[in-house]
Amino acid sequence: MKNRMEMAVMIILTAMVFLLFSNDSHGSFIIALSFLIAVSQGAIALVATVDIAGGKWTYPIKKRLLAFYPMIFMACVLFPLMWQHFSPGYAAPNVWLNKEFLVVRNTLVLFVSFMLARKFAVESLKESPAKNVYAVLYLIVFMLSQTMTAIDLVMRLEYPWVSTLFGGYFAVEAVYAGLAAAG
């Protein structure tokens with residue numbers, strides 16, 4: 001019960017931050033959403049990585065780390081709500097950079113990430129042999145989601161700056177953020 005109460009408080013505080021920044025600064029709103037995505041996905045990615053490697057050091061904090069998966073769904077719900085906060089941002093928007101397609105594809109990837117994280121959390125807590133299959137699937141979607149978050153949300157704030165390593169940096173940062181949040 002304590003973990004659910006902590007999650008409820010985190011969700012309420014996150015929603016308050018989004019409401020606070022939604023009218024003033026679109027950049028702050030986008031950064032807050034990308035941090036929510038990083039913390040929630042990074043905690044699950046850490047457990048998935050350790051489970052695949054056969055490590056045991058996350059057992060004391062495993063339940064706490066896996067308790068972050070509902071926040072991925074919250075990010076999935078908040079992403080379409082920030083529709084009006086997306087400005088074109090790019091000099092020559094094409095189909096891939098189209099605002100509607102950006103919101104739809106990121107929402108879908110977040111939803112798939114939530115479903116895989118949920119299934120992985122259940123299987124991992126049961127110590128099922130299928131947990132490694134879901135861990136690998138989750139990590140693939142995690143990398144895709146973190147790369148899309150880095151490029152679509154953050155990199156666009158400094159257009160025309162580009163980096164091919166930015167998605168990887170974001171994924172590593174998400175694992176660190178997830179571990180820090182569990183402490």
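Is Phe-114 buried or exposed? In this predicted model, Phe-114 counts as buried, because its relative accessibility is 11% and the cut-off for burial is under 20%.

Aromatic pairing was examined next. A pair of aromatic rings is described by the distance of the centres and the angle of the planes. The count comes to 5 aromatic pairs. One of them joins Phe-73 and Phe-114, with ring centres 5.1 Å apart. Their planes meet at 45°, so the pair is tilted; tilted pairs fall between the stacked limit of under 30 degrees and the edge-to-face limit of over 60. Distant parts of the chain are linked by this pair. Phe-73 lies in helix α4 (residues 69-81), and Phe-114 lies in helix α5 (residues 99-125). The two residues are 41 residues apart. Phe-73 is partly exposed, at a relative accessible area of 36%, whereas Phe-114 is buried.

A second tilted pair is formed by Phe-166 and Phe-170. Here the centre-to-centre distance is 5.2 Å, and the planes are 55° apart. Both residues belong to helix α7 (residues 166-182). Because they are 4 residues apart there, about one helical turn separates them. Phe-166 is buried, with a relative accessible area of 15%. Phe-170 also counts as buried, at 12% relative accessibility.

Phe-73 and Phe-114 also belong to an aromatic cluster, together with Tyr-69 and Phe-111. With Val-77, Leu-81 and Met-115, they make a nonpolar patch of about 430 Å². Helices α4 and α5 each supply at least two residues of this patch. The most comes from α4, which gives 3 residues. Met-115 is found in helix α5. Its relative accessible area is 36%, so Met-115 is partly exposed.

The largest nonpolar core has 50 residues. Leu-33, Phe-79 and Tyr-138 have the most contacts inside this core. Two or more residues each come from α2 (26-53), α3 (62-66), α4, α5, α6 (131-154) and α7. Helix α2 provides the largest share, 14 residues.

Leaving aside residues up to four places away in sequence, Tyr-138 touches Gln-41, Ile-44, Ala-45, Ala-48, Ile-72, Ser-113, Leu-116 and Ala-117.

How values were computed. Residues are numbered from 1 along each chain as its sequence is written. This is a predicted model: local features need pLDDT of at least 70, side-chain atom pairs count only at pLDDT 80 or more; totals for chains, interfaces and linings use all residues. Side-chain values use heavy atoms; hydrogens and water are left out. Rings of Phe, Tyr and Trp (its six-membered ring) pair if their centres lie within 6.5 Å; planes under 30 degrees apart count as stacked, over 60 as edge-to-face and the rest as tilted. Buried means under 20% relative accessible area, exposed over 50%, partly exposed in between (1.4 Å probe, protein chains only). Patches are made of residues with over 30% relative accessible area and no salt bridge: like charges are joined within 9 Å, nonpolar side chains (Val, Leu, Ile, Met, Phe, Trp, Tyr) within 5 Å. Accessible areas come from the Shrake-Rupley method with a 1.4 Å probe; for residues, only the protein chains shown count as cover. A salt bridge is a side-chain nitrogen of Lys or Arg within 4 Å of a carboxyl oxygen of Asp or Glu. A nonpolar core is a set of buried Ala, Val, Leu, Ile, Met, Phe, Trp, Tyr and Cys residues joined through side-chain atoms within 4.5 Å. Contact means heavy atoms within 4.5 Å.
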